[in-house]
Amino acid sequence: QQQAVEANSIAASTLPDPRLSLSLQNMPVDSFSFSQEAMTQAKLGISQTIPRGESLSIKRDQLLLEAKKFPLMRKNREAKVQAAVAQLWLNAYLAQSTITLINDDKALFEQLVDIAKANYSSAVGKTRQQDVIRAQLELLQLEDRLTAQYQQLESSLALLGQWLYPVKSNNALASSYATTHTVKLSNEPPPISLINPDYVNAKYVKNNELANTLMQHPAIATIEQGYQASNKGVELSKQQYQPQWGVNASYGYRANAPSGEQRSDFFSVGLSVDLPLFTENKQDKKVAASIAQTESIKTNKLLTLRQMMSVLTSEKKQYVRTQQRQQLYQQQLVEQVHEQYQASLTAYTHDDGSFSDVIRSRITELNTRITANTIDVELLKNIVRINYYFTHLQAQGK
C-alpha cells in the first residue's frame with residue numbers, strides 16, 4: 001500500500017496529458033471539394049490544461065504524508081502480532097502446565113482409591129463406602145478437568161498455527177498446510193519483563209505525562225500523520241478558488257484555389273480560463289468538508305488516546321493486584337494447604353481422621369497449585385498487554 005501511494009504521488013504531480021485534435025473545417029456540402037472554398041481547411045491542434053494554483057505540488061505532498069503512515073502502521077501491527085502470539089503461547093503453556101499438575105495428582109488419587117477400597121473390604125480403620133464413592137467421583141472429575149485442559153491446549157496450538165506454520169506460495173498452499181506441524185512448548189514460562197517498569201511501579205502518574213508518552217505510540221503517530229495529510233487536503237481544496245488555465249495552438253492547411261492561386265495556411269494560438277465566480281455551493285462546501293474531515297481526525301486521535309490511557313491504567317491496576325495474589329500464593333497459601341493435606345493424611349493413617357478429609361485437603365491443594373500457576377501466567381499476559389502500549393520505547397532502545 002505504501003508503494004502504491006508513493007507511486008500515485010509521482011503521478012499526481014505530473015501535468016495532465018496534452019490533447020491532440022484533427023478536424024476538417026468548412027467543407028462545402030454541394031461538392032465536397034477541398035479546394036472550392038477559401039475557408040475550407042484541415043486543422044491540426046494541440047491543447048494543454050494547467051491545473052489550478054499549486055494543486056499539483058500540494059497533492060504530491062499530501063500523498064507523501066499519507067505514505068509515511070505505513071511504516072508506523074507496520075510498527076503497530078508488529079506490536080499487536082507480538083502481543084497476540086505471546087498470549088496464545090501463554091494460553092497453551094497454561095493448559096500444558098495444568099495438565100502436568102493434574103496428571104501428577106491423578107496417580108495419587110488412583111492410589112487413594114485403591115487404599116480406600118482395600119481398607120473398606122478389610123474393614124480396617126474408619127473407611128466407609130461413601131469414602132470409596134467420593135474418591136472415585138473425584139477421580140472422574142479429574143478426568144473431566146484433564147479433558148478440558150487438553151481441549152484448551154489443542155485449541156491454542158491450532159490458533160498459533162496462523163502465525164507459525166510456513167506458507168510458501170499460492171501453488172504450494174495446499175501442500176504446505178497438508179504438512180504436519182507441531183509446536184513444542186517449554187516446561188518453564190518465558191522470561192517476559194516490563195518495557196517500562198517505572199510506570200507500573202509508580203504510585204501515581206500524571207495524566208499529561210502518560211499522554212505525552214502514548215503520543216509517541218505508533219497507533220497515535222499514525223493518526224497524527226493522517227491529520228497532517230488531511231491538513232494538506234484543506235490546502236488542496238482551497239486551490240479550487242484559483243482559475244484553471246488552458247493553452248491551445250492549431251495549424252490550418254488550405255488547398256490552392258481552382259484557378260491555381262496559392263492560399264496561405266493558418267496558424268492559431270489561444271488561451272482559456274475558467275472563472276470560479278459562483279463558489280457558494282461548490283468551492284466553499286468542498287473547503288468546509290475538508291476542514292470537517294480534518295477535525296474528525298483530530299477528534300479520533302483524542303478518543304484513541306483517552307481509550308489507550310484508560311485501558312493502560314486498568315492493566316496497571318490488574319498487574320498490581322495480580323502481583324499481590326502471586327505473592328500471597330507463593331509465600332503462604334501453597335505451603336499451608338500442603339501442610340493441611342499432610343496433617344489430614346497423618347491423622348487418617350493413625351485412625352484419628354476421616355478419609356473424606358484427606359480427599360478434600362488433597363483437592364484443595366491441587367486447586368491451590370493450579371490457581372497459583374494460573375496467576376503466574378496471567379501476570380505474564382498482563383505484562384504482554386502493558387508492553388504493547390510502550391512498544392515505541394522498546395523500538396527506541398529505552
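The chain holds eleven helices and four strands, taken as DSSP runs (helices H or I, at least four residues; strands E, at least two) and numbered from the N terminus. Its radius of gyration is 40 Å, well over the 21 Å that the globule rule gives for 398 residues, so the chain is more spread out than a compact globule. The radius is taken over C-alpha atoms, and the rule is 2.2 Å times the number of residues to the power 0.38.

This is a predicted model, in which local features need pLDDT of at least 70 and side-chain atom pairs count only at pLDDT 80 or more, while totals for chains, interfaces and linings use all residues. Residues are numbered from 1 along each chain as its sequence is written, and side-chain values use heavy atoms, without hydrogens and water.

Along the principal axes, the C-alpha trace spans about 145 × 55 × 40 Å. Of the 398 residues, 37% count as buried, meaning under 20% relative accessible area with a 1.4 Å probe, protein chains only (exposed is over 50%, partly exposed in between).

Strand β2 (residues 41-50) has two antiparallel partners to follow here. Seven bridges pair β2 with β1 (residues 19-25), and nine join β2 to β3 (residues 244-253); strands pair if DSSP finds at least two bridges between them. Serine 21 has glycine 45 in β2 as its bridge partner, and alanine 42 stands opposite tyrosine 253 in β3.

Helix α8 covers residues 218-238 and reaches 30 Å from first C-alpha to last, close to the 30 Å expected, which is 1.5 Å times one less than its number of residues. Of the 21 residues in α8, 16 are buried.
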